[in-house]
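We will go from one stop to the next, with a note on what to look for at each.

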Amino acid sequence: MRVSLFITCLADQIYPEVGESVVRLLHRYGCEVDFPQMQTCCGQPAYNSGYQDEAREVARNLIRAFEHSDYVVSPSGSCTGMVHHYYPQLFENEPEWKAKAEKLIGKTYEFSQFLVNVLGITDLGAVYEGKATYHPSCHAMRLLRVREEPGELMANIEGLELVELPRKEDCCGFGGTFAVKMADMSEAMVCEKAANVCATKAELLIGTDMGCLMNIGGRLNKENKPVRVMHLAQLLEEGVKRGERHGK
């Protein structure tokens, strides 16, 4: 199976180790992974700021970048949600490009969505002793309907105690440009989210979007809270390595 990695801006520039974990796990299950060099931003920051013409041009580039890919997998529900939910709107008056956008949508998946729904994998033989809580990002949950897949993967990690996050569906306050334009409101939201994370007594905070994890992790760090923040792909890869050491 040929898979192209859609890395996203945050993972590419700040958290490349997340992309590395995704690639290594896909390789483990027989996927041939490539990385189209011409990919750039999906256009979400421009779109959310009202620059639709600029977002449209960026979207064209992304469509071209993955034109010949069989599958496109991303470690971000937010960026994948942008493609799925907003690209048809961007090109609603351009039938040719709308058709190209729909083709991209049909083969583009968030990481956990791809593992569970395409590869049919829920148990990776991972082992990780510890207590974790999970923050479901807004876009993965609401735009992509990715609700059960991360939980299915984490439920099969031997030794992991998963504690439900209070008010888990509340936004963490990041929202990209929202955190800049509405800084006071954003801070209040992330403070509440961090307090809920701490209330679980979890050692790990797991998520599927580095924007959310960067925001919540930054707040936890500012408050000197000893919570390790990990993308789901990192948790799974680390758990797989531990499982191999345990002969799983």
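On this tour, two residues are in contact when heavy atoms of theirs lie within 4.5 Å. Keep in mind as you look around that the model is predicted.

**Stop one: a loop residue.** Select E169, which sits in the loop between β6 (158–163) and α10 (177–181). Is E169 buried, exposed or partly exposed? Its relative accessible area is 34%, so E169 counts as partly exposed, the class between under 20% and over 50%.

Now show what surrounds E169. Setting aside neighbours within four places in sequence, its contacts are M141, R142 and R147. Then turn to the side chains of E169 and R147, which are joined by a polar contact of 3.2 Å.

**Stop two: the largest nonpolar core.** This core has 32 residues; select I206, L235 and L236, the members that touch the most others. Next, colour the elements that each give two or more residues to the core: β1 (2–5), α2 (16–28), α7 (111–118), β5 (127–134), α9 (149–155), β7 (204–207) and α13 (232–245). Which of them provides the largest share? That is α13, with five residues.

Stay with L236 and display its partners. Beyond neighbours within four places in sequence, L236 is in contact with L25, F111, L115, L124, A126, L153 and I157.

**Stop three: another core.** Finally, select A59, V72, A101 and L104, which are among the 21 residues of a second, separate core.

Key
Residues are numbered from 1 along each chain as its sequence is written. This is a predicted model: local features need pLDDT of at least 70, side-chain atom pairs count only at pLDDT 80 or more; totals for chains, interfaces and linings use all residues. Side-chain values use heavy atoms; hydrogens and water are left out. A nonpolar core is a set of buried Ala, Val, Leu, Ile, Met, Phe, Trp, Tyr and Cys residues joined through side-chain atoms within 4.5 Å. Buried means under 20% relative accessible area, exposed over 50%, partly exposed in between (1.4 Å probe, protein chains only). Helices (H or I, at least four residues) and strands (E, at least two) are DSSP runs, numbered from the N terminus. A polar contact is a pair of N or O atoms within 3.5 Å; within protein, one must be able to donate a hydrogen and the other to accept it, and residues adjacent in sequence count only if both atoms are side-chain atoms.
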